[in-house]
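These notes are meant for a colleague opening the model for the first time. Please keep the sequence and the structure in view while reading the numbered points.

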There are 2 protein chains.
Amino acid sequence: MVERLNRGLIQVYTGDGKGKTTAAIGLAMRALGNGLKVYMIQFMKGQIFYGELKIAQDYSPDFVIKQCGRPDFVNPVNPDPVDVKLAEDALKHAEGVIKEGKYDIVILDEINVAVKFGLIKLENVLPILKNKPEHVELVLTGRYAAPEIIEIADLVTEMRLIKHYYDRGVQARKGIER
Amino acid sequence: MVERLNRGLIQVYTGDGKGKTTAAIGLAMRALGNGLKVYMIQFMKGQIFYGELKIAQDYSPDFVIKQCGRPDFVNPVNPDPVDVKLAEDALKHAEGVIKEGKYDIVILDEINVAVKFGLIKLENVLPILKNKPEHVELVLTGRYAAPEIIEIADLVTEMRLIKHYYDRGVQARKGIER
């Protein structure tokens, strides 16, 4: 068991392939198995049941998942002001959780997309990353990671889609995709 | 909650980036959160504590992780006969678990590497994939996925290393990498 991370880093999972959010969840589980605490903030996701919500309940309060969006898709070109407000509030909340330093790992799920769609400003995200407490590990997921975020990050993995069954008309499946 | 998957597919996570095994674990957790059962067979890993082992204990018997290797690194050029035997036994065990069909998702962790290093033969792996029960989802992880496996798979994601702190001399950290 580990007490705290000596030095928390910044990880980014981006790209058009599958496995970004699930890698973050797997990382969360490995950390929980080592006695660490994990807080996941999901941008642009809300009121939809994902299997991971049940798991977070099982490990509460050491594993928290906070959904900060609506079930509807966000308009990437002209986002609804409601979605902008939800994402801005999510970022403020994330900043508070990170600064507090109570959770060893803070996952900002889909934050890259929230930036890309203009829901939150990159200039408001960067200082939060730069000023994080030393011991806190940050994990950012979502396509379209900004070059400035990649620059700051310690670890960047691109998930590349090589082959996908969606192309063959198979829909998202309960138990697997959610 | 889902009773069973109507149709299990074959997923592959490969490439030199991070997040292959953790994506498989995240996928396992999402499935467990939906009431599915998961069996993970880890090739070439053994007697080392990973955080996920603790998690599997928590969800036993619905989540099983079986380590089928030794703690030592496998020699990729001239693998020790002991490692060959362990991997061959792991594959036989995997075949049994898959055929039995009791577990909705069977994860063959690092199997791509076991094939690449010549511990197990591709010609022995392919029939297991082709003859899996309809409802069983297979997840194969590890670098160097063989073209024949990619051909059979429904979903293939390549994790690409864009930036890694190992390059800066940071070692694998307990709670994160294991």
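**Notes on the predicted model**

1. D89(A) is partly exposed, because its relative accessible area of 31% falls between the 20% below which a residue counts as buried and the 50% above which it counts as exposed. In this predicted model, D89(A) has its place in helix α3 of chain A, which covers residues 81-100. The C-alpha atom of D89(A) is separated by 8.0 Å from that of C68(A), although the two residues are 21 residues apart along the chain.

2. Turning to how the two chains meet, 58 residues of chain A are in contact with 58 residues of chain B. The area buried between chain A and chain B is about 4,700 Å², and carbon and sulfur atoms give 56% of that area. Of the area that chain A buries against chain B, 16% is supplied by R30(A), K163(A) and I176(A), which is more than any other three residues supply.

3. Which polar links cross between the chains? Between chain A and chain B the count is 26 residue pairs in polar contact, with both residues at pLDDT 80 or more. Across the interface of chain A and chain B the rule finds six salt bridges; R160(B), for example, forms a salt bridge with E158(A), in which the closest N and O atoms are 2.9 Å apart.

4. As for the elements involved, the side of chain A that touches chain B draws at least two residues from each of β1 (10-14), α1 (20-33), α2 (51-59), α6 (147-152) and β6 (155-163) of chain A. The largest share of this side, 11 residues, comes from α1(A). Sorted by class, the side of chain A that touches chain B holds 28 nonpolar, 13 polar and 17 charged residues.

5. The strand β6(A) deserves a separate look, since seven bridges join β6(A) to strand β6 of chain B (residues 155-163), and the two strands run antiparallel. Within this pairing, K163(A) has V156(B), in β6(B), as its bridge partner. K163(A) is also one of the three residues named above for their share of the area that chain A buries against chain B.

6. A last point concerns helix α2(A), in which G51(A), E52(A), L53(A), I55(A), A56(A) and Y59(A) are buried. What do the buried residues of α2(A) pack against? Within chain A their partners are α1, β2 (38-43) and β3 (63-68), and from chain B they are α1 (20-33) and α2 (51-59).

Terms used. Residues numbered from 1 in each chain as written. Chains lettered and ligands numbered in written order. Predicted model: local features only at pLDDT ≥ 70, side-chain atom pairs only at ≥ 80, totals over all residues. Heavy atoms only, no water. Contact = heavy atoms within 4.5 Å. Buried area = accessible area lost by both parts, 1.4 Å probe. Salt bridge = Lys/Arg side-chain N within 4 Å of Asp/Glu carboxyl O. Polar contact = N/O pair within 3.5 Å; in protein donor to acceptor, adjacent residues only side chain to side chain. Helix = DSSP H or I, 4+ residues; strand = E, 2+ residues; numbered from the N terminus. Nonpolar A, V, L, I, M, F, W, Y, C, P; charged D, E, K, R; others polar. Buried < 20%, exposed > 50% of the residue type's maximum accessible area, 1.4 Å probe, protein only.
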